[in-house]
Amino acid sequence: MRTWKWGFTCILVLLMFLTACETSGGGSTSEGTQTAGTSSGEAAGSGEKVLKVRFYDDPAGFDPANIFRIENENIAFNIFSGLTTYDSKTGAIIPDLAESWENSDNQTWKFQLRKGVKWQKGYGEFTSADVLYSYHRILDPVTASPYAAEFNNVESFEAPDPHTFVVKLKKPDGNFLHQVANYHQGQIVKKEAVEEFGDKIRWNPVGTGPYAVEKIDPTSEIVLVRHEEYYKGPAPISKLIFSIMKDDATATIALQNGEIDLLMRTNREENLDTLEKAGFKMNRVDNYAVSLKVFNLEHPILSNPKVRQAWAHAVDFQAIAEGVTPNLQMGAANLMPEWMEGYSKNVPIYEYNPEKAKQLLQEAGYANGFKVKNLATSATGVTDQMQLEQEYLKAVGIQLEFELVDTPTFNQKRNRGEFETATRLLPAVNPDMILFSFLHPDNISPKGLNGARYNNPEVTGKLEAVRAEVDPGKRKVLYEEIQKIAMTELPYLPTFGGNVFWPSKQNIDGVVINKLAQVNFYDVDIK
Amino acid sequence: MINYTMKKGLQLFVTMFGVLTLVFFSIRLIPGDPAAAIAGDSLSAEALEELREKLGLNAPLWAQYIEYLKSILSLDLGTTITTSLPIAGLLLKALPITLIIAVFTVLLSVIIAIPLGTIAAFLAHKGKKALDNIITWAAMLVDLMPSFWTALLLMLFLSLNLRLFPASGAISFDDPVMFFMRVAMPILVLGLTQIATLARITRTAVLEVLNEDYVRTARAMGTSEIIVVFRHALKNAMLPIITVVGLSFGNLLNGTVIVEFIFSIPGIGSLLVYGINSRDYPLVQNVILFYAFVFVAINFLTDLVYKKFDPRVQF
């Protein structure tokens with residue numbers, strides 16, 4: 001009896017301690033408001049501006065030929081330049097190292113390069129020879145660049161003079177400017193630096209962009225300094241320090257404590273709430289990419305379009321997003337996000353209507369429903385969204401089961417088509433990247449991203465026609481027709497549009513997250 | 001003794017060989033490979049195949065195995081596949097950080113837990129159930145608290161509210177003050193769990209010994225209670241305590257993944273998790289080889305310490 005009493009007292013004491021912690025945790029929000037925006041990012045005494053940024057994973061190196069994962073790409077985006085780049089706000093193609101270009105048939109592209117552009121770290125002046133070297137390096141089998149296939153359509157690269165660069169394509173491609181943008185294979189490297197550093201080039205990148213590498217410690221931080229001779233003039237902030245902080249809660253506290261100025265991406269609603277209430281600036285980009293549910297069309301039941309349409313009517317993805325992730329997700333009605341070139345509103349819309357779903361299932365011959373498996377990663381587990389979808393489907397008779405595997409296994413199974421339904425989110429700025437990848441039979445997995453194994457000759461014809469089309473009006477029509485068919489046959493069901501947040505202190509200006517979820521630090525300043 | 005050392009040496013060799021073989025093949029049994037990890041979401045099968053070829057993943061398994069044995073025999077740990085960083089360098093950088101955390105955690109727990117456990121045992125022995133129960137219950141509660149939760153609580157309390165320690169920041173020996181500020185919270189979190197486990201083991205071990213005849217004899221001879229408990233009882237109860245300390249030191253040396261993750265500590269645990277997630281075969285193989293080495297070495301040291309406390313132990 002006495003033992004029991006003592007145990008009880010101990011639990012009571014512990015509970016009191018916890019409550020105390022909880023209250024003081026809540027009290028800190030007012031403190032947070034005070035710090036938000038008041039502390040300056042200037043290094044003591046020097047007057048030089050230093051920005052401290054959270055980096056959320058181990059860096060994997062910054063060689064454009066083999067770079068991967070969005071956070072690494074964001075660093076490379078600020079070190080390198082392409083012939084073209086993206087406008088941060090609209091996602092449109094704008095000039096970068098190429099001042100202008102000519103193209104009459106979507107097949108021969110002639111670029112006029114900017115003069116007087118300087119490489120970082122004293123590697124001299126940029127010329128067309130650098131572009132030639134960079135693109136040939138991507139194609140060289142020795143480099144084994146995963147992005148070599150992006151230049152599959154290239155007939156030849158030529159550099160007739162130091163400031164002219166000409167690309168001839170095998171087949172016309174109206175979207176070619178995306179291929180030479182400041183992203184992956186499009187980023188220009190310096191031959192001398194690549195040869196000097198050999199295998200270690202990924203940790204010693206040299207570019208022509210606004211920031212150069214000062215120091216990389218792959219287990220703790222990446223330090224960039226501004227490139228004083230950047231062609232647009234030096235960036236406002238002289239030093240960027242990216243500290244690796246993998247845990248979102250830790251990063252949130254670090255921002256509240258003033259240890260960092262800017263938080264690269266947080267993916268948890270509760271942290272966003274905390275920071276918003278504490279008065280931090282919630283820099284965001286909405287609907288940067290659309291999550292798709294991939295139906296394996298080789299599945300005997302899912303191969304019926306009525307079943308897929310029934311699914312679309314059965315689940316209220318908009319309501320799920322509003323209930324579970326009001327900040328991070330929104331409903332989606334098309335394969336492409338609204339801001340993208342060629343996006344069309346004139347596609348079939350599937351309003352939430354369980355009765356209609358039941359009717360469609362009945363027409364398809366599955367009035368009693370069926371069982372289907374959804375492949376997902378153990379990293380995310382069975383999320384609230386997935387559970388709600390399961391409930392919605394149950395109401396119309398579809399029993400959704402989950403198969404959880406670790407991420408590399410997930411990628412492998414998805415590539416090989418070893419799934420019934422799966423999900424995919426592909427950040428892209430180029431309509432072809434989405435439509436070609438998902439709908440063209442050449443890209444049927446495992447060769448490409450067409451995981452549904454969709455093959456409709458009519459769509460294929462239109463996809464190829466739009467590439468060759470020069471007239472913007474006709475392109476728009478073709479894109480609209482493709483989207484209409486895709487949204488009628490529904491090999492992929494758009495579920496959520498994703499939003500990305502980079503919370504910062506109030507005095508950090510110009511954090512614009514582009515449509516690839518990256519930030520151009522040239523535009524960022526500390527007030 | 002020489003005989004014993006040789007025997008242990010041979011054991012070390014056999015264990016390490018077994019571990020490296022097992023790890024070599026088992027990591028390849030998991031679906032996915034480094035190429036797939038690098039490729040991630042958006043790579044064509046063709047490009048993936050080329051990447052495999054370049055990374056040497058298309059060679060027959062036995063050829064890869066022999067290559068690996070050769071590199072180990074020449075003491076070359078190689079570089080990681082996904083980031084081409086020297087593995088020996090990564091281990092050497094992570095080791096001191098993990099080592100310092102492990103040593104301080106063990107010191108902290110030994111200094112607090114052993115007297116605490118001994119006192120609890122003494123109280124129990126004397127029939128003072130109440131105080132003993134507080135200690136035992138508290139130890140059990142702390143022991144059962146998951147470390148990620150304690151870590152977050154400490155972070156909220158010590159970092160956000162009291163601003164005692166930073167939640168983030170570089171860990172570098174160039175700045176020793178900052179270094180200790182950064183490792184203080186991990187040591188506290190890990191120490192709490194260690195203290196709880198160790199205190200309970202100590203209590204049980206000492207309590208058992210307190211009923212032995214020689215303790216009664218010591219008392220009968222008029223020896224003071226403190227000397228009876230700490231010299232006669234505790235010393236003789238040391239063997240299980242040493243085993244636990246040794247084992248937990250081994251565990252700590254191999255890094256504590258969750259705590260390292262939360263506090264952004266670039267220790268050995270983080271290294272292994274990174275290796276597994278990116279299917280970086282050489283990294284995983286060599287980090288686990290290091291784990292095996294640590295455990296065999298700690299066992300050897302534990303045996304040596306046994307002899308110090310119990311001269312009857314024969315090698």
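Helices (H or I, at least four residues) and strands (E, at least two) are DSSP runs, numbered from the N terminus. This is a predicted model, in which local features need pLDDT of at least 70, side-chain atom pairs count only at pLDDT 80 or more, and totals for chains, interfaces and linings use all residues. Residues are numbered from 1 along each chain as its sequence is written, chains are lettered from A and ligands numbered from 1 in the order in which they are written, and side-chain values use heavy atoms, with hydrogens and water left out.

**View 1. N106(A) in the loop between β4 and β5 of chain A.**
The loop that holds N106(A) runs between β4 (98-103) and β5 (108-113). N106(A) has a relative accessible area of 3% and counts as buried (buried means under 20% relative accessible area, exposed over 50%, partly exposed in between, with a 1.4 Å probe and protein chains only). Although N106(A) is not a glycine, its phi is positive, at about 65 degrees. Most residues other than glycine have a negative phi.

**View 2. R54(A) in strand β1 of chain A.**
Strand β1 covers residues 50-55 and includes R54(A). R54(A) is buried, at 1% relative accessible area. F242(A) is 188 residues away from R54(A) along the chain, yet the C-alpha atoms of the two are separated by 5.6 Å. Not counting residues up to four places away in sequence, R54(A) touches several others, among them S243(A), M245(A), K246(A), D247(A) and D248(A); contact means heavy atoms within 4.5 Å. The residues touched also include I260(A), L262(A), L263(A), M264(A), R265(A) and T266(A).

**View 3. The side chain of R54(A) and two backbone oxygens.**
The side chain of R54(A) reaches the backbone oxygen of R265(A) at 2.8 Å. A polar atom of the R54(A) side chain also lies 3.5 Å from the backbone oxygen of M264(A). A polar contact is a pair of N or O atoms within 3.5 Å; within protein, one must be able to donate a hydrogen and the other to accept it, and residues adjacent in sequence count only if both atoms are side-chain atoms.

**View 4. T325(A) in the loop between α9 and β13 of chain A.**
On one side of this loop is α9 (317-324) and on the other is β13 (329-331). T325(A) is buried, with a relative accessibility of 9%. The side chains of T325(A) and Q329(A) make a polar contact at 2.9 Å. With neighbours within four places in sequence left aside, T325(A) is in contact with E269(A), I320(A) and Q385(A).

**View 5. L75(B) in the loop between α4 and α5 of chain B.**
The loop with L75(B) runs between α4 (61-73) and α5 (87-125). L75(B) has a relative accessible area of 76% and is exposed. The C-alpha atom of L75(B) is separated by 9.5 Å from that of A88(B), and the two residues are 13 residues apart along the chain.

**View 6. S264(B) in the loop between α12 and α13 of chain B.**
This loop is placed between α12 (257-262) and α13 (268-277). S264(B) is not a glycine, but its phi is positive, at about 50 degrees. At 13% relative accessibility, S264(B) is buried.

**Setting of the views in chain A.**
Chain A has 15 helices and 19 strands. Its radius of gyration is 26 Å, close to the 24 Å that the globule rule gives for 527 residues, so chain A is as compact as a globular protein of that length. The radius is taken over C-alpha atoms, and the rule is 2.2 Å times the number of residues to the power 0.38. Of the 527 residues in chain A, 58% are buried. The C-alpha atoms fill a box of roughly 85 × 65 × 40 Å along the principal axes.

**Setting of the views in chain B.**
Chain B contains 14 helices and zero strands. Its C-alpha trace spans about 85 × 55 × 35 Å along the principal axes. Buried residues make up 48% of the 315 residues of chain B. Among contacts in chain B between residues at least 6 apart in sequence, those that join residues at least 24 apart account for 71%.
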